[in-house]
Amino acid sequence: MSTRTMARSILVLVVMFDLCCVHGQVSYSIPEEMSKGSLVGNIAQDLGLDIKRLKTGKGRIFTGDQADYIALDKDRGILLIKERIDREALCGQISPCALHFQIILENPMELYSVTVEITDINDNAPSFERSEMKFEISENAAIGARFMLEIAVDPDVGTNGLQTYTLNPTDNFQLKLNQQPDGGKTVEMVLQKSLDREKNEDMTLVFTAVDGGEPQMSGTVKIHVTVLDVNDNAPVFTQQIYKVSVNENSPKGTQLTTVSATDADNGSNNIVTYSLSRSAASISDMFSVDRRNGEVTLIGQLDYERTRNYQFFVEGKDEGGFLDSCKIIVDVIDINDNSPVISTISKSSTTAENAPLNTVIAMISVNDPDSGNNGQVSCSINEHIPFAIKPSSNRFYSIVTDSELDREENSEYNITVTCSDEGVPSLSSRTDLSLKITDINDNAPVFEKSSYEAYILENNTPGLSIFTVRARDADWNQNARVSYILEESSNNGVPVSSYVSVNAESGVIHAVRSFDYEQIKSFTFHIKAQDGGSPPLSSNVSVKIIIQDQNDNAPQVLYPVQTSGSLVTEIVPRSADVGYLVTKVVAVDVDSGQNAWLSYKLLKATDRALFEVGAQNGEIRTIRQVNDKDTVKQKLSVVVEDNGQPSRSATVNVIVALADSFPEVLSEFNDFTHDKEYNDNLTFYLVLALAVVSFLFIVSIIAILSVKCYRWKRDRMFYKSNGNLPVIPYYPPLYADVGGTGTLQHVYNYEHYRTTDSRKSDLKYVRPCNQSIISLDNTEIQTLPHAHGEKLIDDSDQ
């Protein structure tokens, strides 16, 4: 048949129906035996698809476990013959014969069902299993005696199948076709003219089977007839049709039924032997009949899914050659011996966590070759997962999302699909699908705390790491990469960025400057954590930095007030009792806590036995009665010390006048002023003298070194010119060797400790004739010139 003729026989039917994922169905009809590459149909046009959609959707054909006879040309959108199709090999006697497959498209996932009906062509002639048949017939066989002939087999169907038989010659026999109740046909050779063994002992007939195709085809077999001597009665079966039902898993050797035929003759002529009547090889391989008792036994393995019904003939033959036949119908009963077969048509390995409901993630087909309830299949998936399985069409299922996905709760799912039939016992199959959930940026960074509070000591080094903030993002990869940003704000008008900075990667907060507790005790700012998603998500947190105090400030004395020109003088009457409050030292420390806890101690006093200072309150009180021997002017040095580590202190000088009248106190202050001016002049002269002495000392050293060098050079010259003359040491004039102990025979050093701003000295020194007197107080060093026989008496004795 030409390609043009085959193309004309194509029938296209497109049926669209509304199911979950099956978007349409198209049917074609083509003849068998088309050559490779022949056109089946324009699938793109018939389904209303764009050829570009076939390419981008990765269109492909899914046939399950069937062979691939049809190919999809995505470039042209057509279906082509991939392999030569033999309808008889594909479907046998089943009609109509069709190929069922699906076209799968992805992104989005779509499924289209395609049915291609394979029509029969007359490519097979009728054939007989054997090349000849042999009959032994008695010469006195009655007119009308029937002899069962082997039927021919034609794999074609319909009009191309077997239609009729012919017999040649027809002198003694003619053919008779019998219609069976099940629609089948049997053919018998009927005797229409008496036989005469003496005239013709052997006859040869040609039995021809003819089909109805174009062109007509036929098959022949030779029939050899041997004429026997007299046998009056033929065997007769008790039933013309025997029906039996047997399970498909019945073991070999199972007895199916027993046929029986009787013969009215006597002797050896009524002995009937049984055999299969010229059956096909498929029958003889499956069943056997006992020649003596007629038991029909199963010798093969039944399979309902391959053949559901068997029909064959058993003939009974006597010794005289007469025979009869009966029909055996074996119905195979299906049992549930096949588990459902699950095939994955298409699946997605990943899906986004924001996938909408009913998103298709996989499509499967399920086939159970059993029948009835044994072939009815229902499928389910494991529980407690956000997916559901829905039937999309016959034997096809879609796995879809039925609730929201959250990658942070579960990033991967193992979906187990279980399909069970309704047989007893039920059989099931399962398959596992793995699905990974891809991340979207749906989670903002979350800080470990709702707010942070950190401490830092004042006087810190700029750049010091204070502490670290951390935020975690439940997303993945770039969406979970957190950056830290210092939000702009100010504290009392000062930008917070001038106080601290934050590392964008690690979240470490650094001090930008050195903090002073006395200027700023705390400040608050906000840090934003932002992920790397698109668009980015962020959250912020409040951070409070508390400056901790250090003992970096000494106490400050508020009273008595210390000035460079004068001191506050407290007057204590000589009649004051013990415990008399002289004054109170008042001091403050700008530090805080224990760094500001102050204690008071008496450092120096003209008379320590007369005064005491309260350690906590700084009150100066008398501890004994004032007497006449006590000096009028009493100088006290009070130390105010804080409790820091290390502690810091301040010293205050208090002048106490022991007097009952103001004029006495006034005279003491006049002497004090004179002494102060004297001390100032003495300091000046002492510094000037020290500078002059230092200068003269340096000049003397230089002069001595110069003379030494000059003498050494002169001696060398003298030695060279007077080699044998003795050397006479030379001593310069006025030189005296003192053995390295210096030019002064005695050196006396005196240290004189005086109270600050005291107007009178408390000690007297008498200077030897060769001794210098050095007087020291807290801030001055004075050297007085020699005055032989002179006494230095402190102003207090004047």
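First, the ground rules. This is a predicted model, in which local features need pLDDT of at least 70 and side-chain atom pairs count only at pLDDT 80 or more, while totals for chains, interfaces and linings use all residues. Residues are numbered from 1 along each chain as its sequence is written, and side-chain values use heavy atoms, with hydrogens and water left out.

Now the cysteines. A disulfide here is a pair of cysteine sulfur atoms within 2.5 Å, and the structure has 2 of them. Counting bonded cysteines along the chain, the pattern is 1-2, 3-4.

The torsion about its S-S bond is about 60°, so the C91 and C97 disulfide is right-handed. For burial, the cut-offs are under 20% relative accessible area for buried, over 50% for exposed, and partly exposed in between, using a 1.4 Å probe and protein chains only. C91 and C97 are both buried.

The other disulfide joins C379 and C419, whose sulfur atoms lie 2.1 Å apart. Its S-S torsion is about 105°, so the bond between C379 and C419 is right-handed. This pair links distant parts of the chain, 40 residues apart: C379 is in strand 28 (residues 377-381) and C419 in strand 31 (residues 412-421). C379 counts as buried because its relative accessibility is 15%, and C419 counts as buried because its value is 0%.

Two further cysteines are worth a mention. C326 has 1% relative accessibility and therefore counts as buried. C709 has a relative accessible area of 47%, so C709 is partly exposed.

On to the aromatic rings. Rings of Phe, Tyr and Trp (its six-membered ring) pair if their centres lie within 6.5 Å; planes under 30 degrees apart are stacked, over 60 edge-to-face, and the rest tilted. That rule gives 14 aromatic pairs.

Among them is F237 with Y274, a tilted pair at 6.0 Å centre to centre and 55° between the planes.

What geometry do the rings of F287 and Y310 adopt? Their centres are 5.3 Å apart and their planes stand at 75°, so the pair is edge-to-face. This pair also links distant parts of the chain, with F287 in strand 21 (residues 287-289) and Y310 in strand 23 (residues 309-317), 23 residues apart. F287 and Y310 are both buried.

Y499, F515, F523 and F525 make up one aromatic cluster. There is also a charge over a ring, meaning NZ of Lys or CZ of Arg within 6 Å of the ring centre and within 35 degrees of the ring normal. The charged end of K521 sits over the ring of Y517, 4.8 Å from its centre.

Last, the sheet. Two strands pair if DSSP finds at least two bridges between them. An open sheet of 4 strands runs in the order 17-24-23-20, and its pairing is mixed. Strand 17 (241-247) and strand 20 are at the edges with a single partner strand each, so one side of each has no neighbour in the sheet. Strand 17 pairs with strand 24 (residues 323-333) in the parallel sense over 7 bridges, and I241 stands opposite K327 in strand 24.

Key: Helices (H or I, at least four residues) and strands (E, at least two) are DSSP runs, numbered from the N terminus.
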